[in-house]
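Dear colleague,

I am handing over the structure below, and I would be glad if you could look through it with the notes that follow it.

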Amino acid sequence: MATVSINLTTGSIQKEEIIVGIDLGTTNSLVAFINPDKNPQVINDTGKGVLVPSIVHFGSNGEVSVGNEARDFLISDPQNTIFSVKRLLGRSYKDVAGYQNYFSYKIIDDDTESLVKIKVGDAFYTPVELSGLILKELKERAEHAIKTPVNKAVITVPAYFNDSQRQATRDAGKLAGLDVLRIVNEPTAASLAYGIGLNPEETKTIAVYDLGGGTFDVSILQIQNGIFEVLATNGDTFLGGDDFDRLIVNYWIEKNNLQNQHDLPQQELRLKAEEAKKSFSHQNLFNEKVGEIWCTIDLETFEKLILPKVQQTIDSCKNALKDAGLTINQIDEVVMVGGSTRTALVKRMVAEFFNRPVHDDVNPDEVVALGAAIQADILAGNRTDILLLDVTPLSLGIETMGGLMDVIIPRNAKIPTKAGRQYTTSIDGQVNMKIAVYQGERDLVKENRKLAEFDLKGIPSMPAGFPKVDINFLLNADGILTIQAVEQRSGVKQQVEVKPAYGLTDAEVEQMLMDSITHAKDDVQQRMLIEARTEGEQMVYTAERFVQKNVEYLAATEITDTLKLVAELKESLTSGDKDLIHKQIDTLNEFTKPFAERLMDQAIGTAMKGKSIE
Ligand code: ADP
Ligand code: MG
């Protein structure tokens, strides 16, 4: 492997190396890079097209397909065809419970706040693994097209993604064998693609309107000294171009008097509707057939149909402005993102609302990936004209259950910066919590560098999962890290200061980074096993306690069968097979759920909440 040297004040890579920009979308994903002429360019792997539908299909004999090939299985094999996985990234079951119906595949309901999993046949996949497969496909396409190994990337996420969703995106990149140099907000990337924010002297306020396949968001950004700050975001995660298609299908059904016909070729109609919608970019009338059904619609009718949906997005723009405390005339630029902004009515209404022409020259499907490539180029140190702020060269985090590293401030974060997260206890009556602070990129703390360790003492005795311990990291401009732990209910508090860079040579930092790249895949795999084990152990603990506390209310067979499943789960914990562990957790869950519901035991529900340190 080529050696790389890292500039520790900028975090930039010195050697000329390709860093790609990736737009990991809900509907479509794509990858871009800076070509030898120094222009951002999307990658079009011979004949495969630029957009890779964000869809993964698992075949019956183990073959996995991604993109267009996988899309063909949406109709013929829906249970094994995973789409819109971005909606599940970094989310717990409770976050997504309300919209299981939206998905044709099975999301595991283990009724906890742990992250969701997806069941395909006998196997379990996490959204991180599935997104990892999409990223791997993009990486391979890039390597094939530009004939160079691609190991580093900048990946974009919506501005409203939380820490857990961002971390999941990083992990997906790692699984795909990519060193994720930075997670960038999609609206920031889109602005960069238009050259907005590249001049450090200018201060600007911009609105980025992003209407994709299934989601809509608008972000108000302030750019000052080359720093992008998100002032407000608004939107609807279930509003997009798919709704336009549905409206057209319903219109055709009505026009052909097919309301009572049950065997309609729904999917064919949907695809035809999308074709009609796209055709309005260059014609005013669409007139075709699906079987015997006339699919006719003109532009005027289409615009009437979608008007209420577009109006909804305009209302979101109003709310975003209000939240940012701004008026329309304080917006300097409006940037259009997402395939659905090709719709003329959308452009007209957005321009009218903001009372100015919108930026729409760059292809709206590609604009985010192109901007990510520009950001990657800046990180690579190829743009000397751009001021780069000091960044932290290694991630900072704490140890969580099973010896895992939980990153609080990611590598390459601009400093000064602050970040925090809430933790809880895993044992009833736990009054002390050990907080161990580490630096490094590996998933297991034992491979990272320990910076500090202290005990938060005097937590009042409470059941596991009840204490709320906020851990906050503040890294100031001098590189001093202050770690503060506060238990919210009691107010007990503890604080320490360290200097992460102290005693660390540049060569050591480089070595740590190189190791993390070499071990990335194994590390993530190991981490997923540990996470499964931790979840399994908690489940064993909860189930055993549940039986103990409710002996008198349970039938003898219920007790023996539960304990048998607990024993099987325990056995699986020693197996090293995370899928088996998930399977046993699921089985035990399914089995005990009816009694748990019957007994309405509060403790069982609460015992597993939150992330616990130890
Ligand atoms: P996401 O960001 O959610 O992955 P995209 O930005 O790729 O989504 O947008 C996909 C949506 O754009 C789809 O609903 C697609 O039908 C729509 N779209 C693509 N081209 C056009 C067009 N010419 N006119 C209207 N909608 C379009
Ligand atoms: Mg998008």
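In what order do the strands of the open sheet of 4 strands stand, and is their pairing parallel or antiparallel? The order is S20-S19-S22-S23, and the pairing is antiparallel. Strand S20 (404-409) and strand S23 (449-456) each have a single partner strand and stand at the edges, so that one side of each is left without a neighbour in the sheet. From one strand to the next, the twist averages 30°. Please keep in mind throughout that this is a predicted model.

Within that sheet, strand S22 (residues 433-439) is joined to S23 over 7 bridges in the antiparallel sense, and Lys434 is found opposite Asp455 in S23.

The chain as a whole is divided into four parts, namely domain 1 (5-194 + 364-379), domain 2 (199-361), domain 3 (396-514) and domain 4 (522-608). Taken over C-alpha atoms, the centres of domain 1 and domain 3 are separated by 28 Å.

There is a second sheet to report, an open one of 3 strands in the order S6-S5-S7, whose pairing is antiparallel. Its edge strands, strand S6 (64-66) and strand S7 (81-83), each pair on one side only, and neighbouring strands of this sheet are turned by 15° against each other on average, when direction is ignored. Strand S5 (residues 55-58) runs antiparallel to S7 and is joined to that strand by 3 bridges, with His57 standing opposite Thr81 in S7.

Next comes the ligand. Which of the 17 residues around ligand 1 come nearest? They are Thr27, Asn28, Glu274, Lys277 and Gly339. For two of these residues there are side-chain distances to give: an N or O atom in the side chain of Glu274 is 2.6 Å from an oxygen atom of ligand 1, and an N or O atom in the side chain of Lys277 is 2.7 Å from an oxygen atom of ligand 1. In the case of Ser281, an N or O atom of the side chain is 3.0 Å from a nitrogen atom of ligand 1. Taken alone, ligand 1 exposes 590 Å², of which the protein buries 90%.

As to where the shell around ligand 1 comes from, domain 1 (5-194 + 364-379) and domain 2 (199-361) each contribute at least three residues. In terms of helices, helix H7 (241-255) and helix H8 (266-279) each supply at least two residues of the shell, and H8 gives the most, with 3 residues.

With best regards

Definitions and conventions
Residues are numbered from 1 along each chain as its sequence is written. Chains are lettered from A and ligands numbered from 1 in the order in which they are written. This is a predicted model: local features need pLDDT of at least 70, side-chain atom pairs count only at pLDDT 80 or more; totals for chains, interfaces and linings use all residues. Side-chain values use heavy atoms; hydrogens and water are left out. Two strands pair if DSSP finds at least two bridges between them. Axes are lines fitted to C-alpha atoms, for helices over the stretch in contact, and angles run from 0 to 180 degrees between N-to-C directions. A residue is near a molecule or strand if one of its heavy atoms lies within 4 Å of it. A polar contact is a pair of N or O atoms within 3.5 Å; within protein, one must be able to donate a hydrogen and the other to accept it, and residues adjacent in sequence count only if both atoms are side-chain atoms. Accessible areas come from the Shrake-Rupley method with a 1.4 Å probe; for residues, only the protein chains shown count as cover. Domain bounds come from an automatic or database domain assignment.
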